[in-house]
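I opened this entry to keep a record of what I looked up, site by site. The notes follow the order in which I went through them.

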Amino acid sequence: MGGRLPDPHPSGGLPSQVTIWEVGARDGLQNEAATVDVAVKAEFLDRLAAAGLSVLEATSFVHPGWVPQLADASDLLATLQRRRGVRYPVLVPNERGLVRALQAGVDDIAVFASATESFAQRNLNRSLDDQFTMFEAVVGKARAEGMRVRGYVSMCFGDPWEGPVSVGQVVEVGRRLLALGCEQLSLGDTIGVATPGHVEVLLERFARAGVGGDTVAVHFHDTYGQALSNTLAALRCGVTCVDASAGGLGGCPYAESATGNLATEDLVWMLDGLGIVHGVDLDALVETSGWMARRLGRPSPSRVVRALVG
Ligand code: HMG
Ligand code: MG
């Protein structure tokens, strides 16, 4: 295995460097039927850090009954050897979650809003407006504690219950998160229905609202095989932070049509081909995803993992 890399051919209008926000341990494992042992999660995160990933979304401090797969969040953070220079953000929905995160020594969190009423109800048990009331207290206290705070927006490109989602509605939710004190937005295509033109329209609308590529990350699920094309469209719009999950693990337990995220290996392959700096060792990453796939008992859906391992 290993040793193969794409022949680099840079293309104009793209950033020279991209930060990969690795969500496999959170978005990936939150959706696994099997419960993954806390020691395996800690080793997964450490292998990802050793492969060069510098932002590792580790887990969620949500209600343990809502996402039992991540009920071990406190244990995981106690077990994990956090490396210097690596960020380990966690999801926090409310003040109870923030207290738990602070007790675990977390200094980097993400709140997660919905662009639609239906998903706010299903994912947060709140109305669209009430989600901001819940986040207001979290973001204010977190910032006062010196934490970094990201704000996710889910269902940015379509919602399984409501259908199309207007660009204006997404921009409004994003602006409200920034107004609360979030330093970065991550625009989620929770069910993977986005296509590149839609990505461009949304990012242009954010840019016109004063929210540029330095403030926005993209979070694509690969349900319809569009995640990589959508990422390229976002890079062309000036985005420099891309969410991905090792081996393409992932989904959302409260949105059944959501499948895995953009696979980190597929992203790395494209970035290497474009000559864009990202800091990740592809062989070490592929080996880690193969190791995790054996623990989960099913092959990785990543095309690059399959090509390099098979
Ligand atoms: P709720 O039932 O409305 O909570 O859930 P509540 O505020 O009414 O509290 C009820 C009880 O739960 C209380 O206990 C609280 O203390 C407890 P009691 O006093 O009755 O004994 N509780 C908690 N316990 C531990 N940790 C907590 C916590 N909060 C309350 N944090 C809540 C509201 C937000 C908690 C719930 O809806 C929830 O946990 N939702 C999370 C769902 C989730 O994690 N979804 C997946 C992540 S989002 C995603 O994947 C999308 C993303 O990837 C982007 C994309 O793809 O688009 C980010
Ligand atoms: Mg997601």
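**Metal site**

I began with the donor residues of the magnesium ion (ligand 2), which are spaced D-x191-H-x1-H in sequence. The model is a predicted one. I looked up the donor atoms and found Asp27 (OD), His219 (NE2) and His221 (NE2), at 2.1 to 2.3 Å from the ion. Aspartate 27 belongs to helix H1 (residues 24–28) and histidine 219 to strand S8, so this pair ties together parts that lie 192 residues apart in sequence. Are aspartate 27 and histidine 219 buried or exposed? I noted both aspartate 27 and histidine 219 as buried.

**Ligand 1**

I turned to ligand 1 next. It has 27 residues around it, and Gln30, Asn94, Asn123, Ser154 and Thr190 come nearest. Aspartate 27 turned up again here: an N or O atom of its side chain is 3.0 Å from an oxygen atom of ligand 1. For arginine 26, I found a polar side-chain atom 2.9 Å from an oxygen atom of the ligand. Glycine 97 contributes a backbone N or O atom, 3.4 Å from a nitrogen atom of ligand 1.

**Sheet**

I then traced the strand order. Nine strands form an open sheet in the order S2-S1-S9-S8-S7-S6-S5-S4-S3, and the pairing is parallel. Strand S2 (55–56) and strand S3 (59–60) are at the edges with a single partner strand each, so one side of each has no neighbour in the sheet. Serine 60 has leucine 91 in S4 as its bridge partner.

Helix H7 (residues 167–180) touches strand S5 (108–114), strand S6 (148–154) and strand S7 (184–189), and its direction makes about 165° with that of S6. Helix H9 (residues 227–236) touches S7, strand S8 (216–220) and strand S9 (241–244), with about 170° between its direction and that of S8.

**Threonine 116**

My last entry is threonine 116, in the loop between S5 and helix H5 (117–124). Why does threonine 116 count as buried? Its relative accessibility is 0%, and the cut-off for buried is under 20%. The side chains of threonine 116 and aspartate 159 are joined by a polar contact of 2.6 Å. Beyond its neighbours within four places in sequence, I listed Leu128, Met155, Asp159, Glu162, Val165 and Gln169 in contact with threonine 116.

Notes: Residues numbered from 1 in each chain as written. Chains lettered and ligands numbered in written order. Predicted model: local features only at pLDDT ≥ 70, side-chain atom pairs only at ≥ 80, totals over all residues. Heavy atoms only, no water. Pairing = 2+ DSSP bridges. Helix = DSSP H or I, 4+ residues; strand = E, 2+ residues; numbered from the N terminus. Contact = heavy atoms within 4.5 Å. Axes fitted to C-alpha atoms, helices over the stretch in contact; angles between N-to-C directions. Donors = N, O, S within 2.8 Å, 3.2 Å for Na, K, Ca; no water. Buried < 20%, exposed > 50% of the residue type's maximum accessible area, 1.4 Å probe, protein only. Near = heavy atom within 4 Å. Polar contact = N/O pair within 3.5 Å; in protein donor to acceptor, adjacent residues only side chain to side chain.
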